[in-house]
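Open the structure in your viewer and keep the selection tool at hand. The stops below are taken one at a time.

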Amino acid sequence: MLLEFFLVGLLFAVTASPTMSDRKIYLFTFPPVPHVYSVSPFAIKLESFFRINNILYEPVFGAAFGSKGMIPYIKFDDKENGEEVPDSNVIINHFKQTRLKDEESFLSAEQRAMSHAVNRMLEEHTIQVCFYYRYGLHMSAFLKALDIEHRFREGMAERWERGQPEHTRNKTKMRGLTRHTDEELWGFSNDDIQAISDYLGKKKYFFGDKPTTADCTIFGHLSQFLWIPIDFPQKEYMKKNCPNVVEFMNRFKKEYWPDWEELCARNIYEEGAETK
């Protein structure tokens, strides 16, 4: 996905007072798409983290990658030359260490360990299987389902389709995942989702009545399986075997993303927003 876009700024304010800092936060992320809002589960995770903690931010939509060659990333105070913090996990840790030191202090050491394990499982295994399915095997269906041709910069869909599938297949092979059959991979990722379902149980959020970073991670990554309208095997498994996870996803979206459908409907290029 090493492709460049013109950047477009859109002011978004979370419906709460800015309690954490007066510094302006610019969040660099991909343009909105139908159904799932963002093609990046990491971006949805990060925005969810900002939302549950009442942190104001301004999205800058495009695909200019940060200093680590990654997206999303943030800049403080100045959209052009501000202090940059790259990578969703680094950003979240930055806020936990500087402004939210007591926000998850109610978690036990065991729960913090579980949160860490769930994050690594979803990001280093579960979502990698998702990327293999949608990029390596079903790139055309993925692009069509999210209307990438019209939602991203002109010519992007064609270029992306030419390069991404082989890149993803090679990357998945290097990870060792495709030493297994596709059916085995679907089973492994379903086991991940089942583990989340078993731990979640009947709780409102992963650790009880209050959302934490773990909930943001789960919401960001499972949104890709559940709401992108292509036939992920994991979607069928989730709906059939993990109804509590589906309920969690809808509950979290309703509470912290009341503007979800509005965001999904946005087409920043058709709006004629000034680009840079």
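Start by selecting Arg134 and Gln224: their side chains make a polar contact at 2.7 Å. This is a predicted model, so treat each distance as a value computed from predicted coordinates.

To place Arg134 in the fold, show helix 3, residues 109-137, which contains it.

Next, show what surrounds Arg134. Leaving out residues up to four places away in sequence, it touches Val39, Met139, Phe142, Gln224, Ile228, Ile230 and Phe232.

Now move to the cysteines. The structure holds 0 disulfides. Select Cys130 and Cys264: the sulfur of Cys264 is the nearest cysteine sulfur to Cys130, yet it is 16 Å away, and Cys130 is in no disulfide. Cys130 is buried, with a relative accessible area of 0%.

Finish by colouring the model by pLDDT. The protein averages 90, and 91% of the residues score at least 70. Select residues 1-20, where pLDDT stays under 50. The model has 74 contacts beyond four places in sequence for this stretch. Where pLDDT is low, the predicted coordinates should not be read in detail.

Notes:
Residues are numbered from 1 along each chain as its sequence is written. This is a predicted model: local features need pLDDT of at least 70, side-chain atom pairs count only at pLDDT 80 or more; totals for chains, interfaces and linings use all residues. Side-chain values use heavy atoms; hydrogens and water are left out. pLDDT is the predictor's confidence in each residue, from 0 to 100. Contact means heavy atoms within 4.5 Å. Helices (H or I, at least four residues) and strands (E, at least two) are DSSP runs, numbered from the N terminus. A polar contact is a pair of N or O atoms within 3.5 Å; within protein, one must be able to donate a hydrogen and the other to accept it, and residues adjacent in sequence count only if both atoms are side-chain atoms. A disulfide is a pair of cysteine sulfur atoms within 2.5 Å. Buried means under 20% relative accessible area, exposed over 50%, partly exposed in between (1.4 Å probe, protein chains only).
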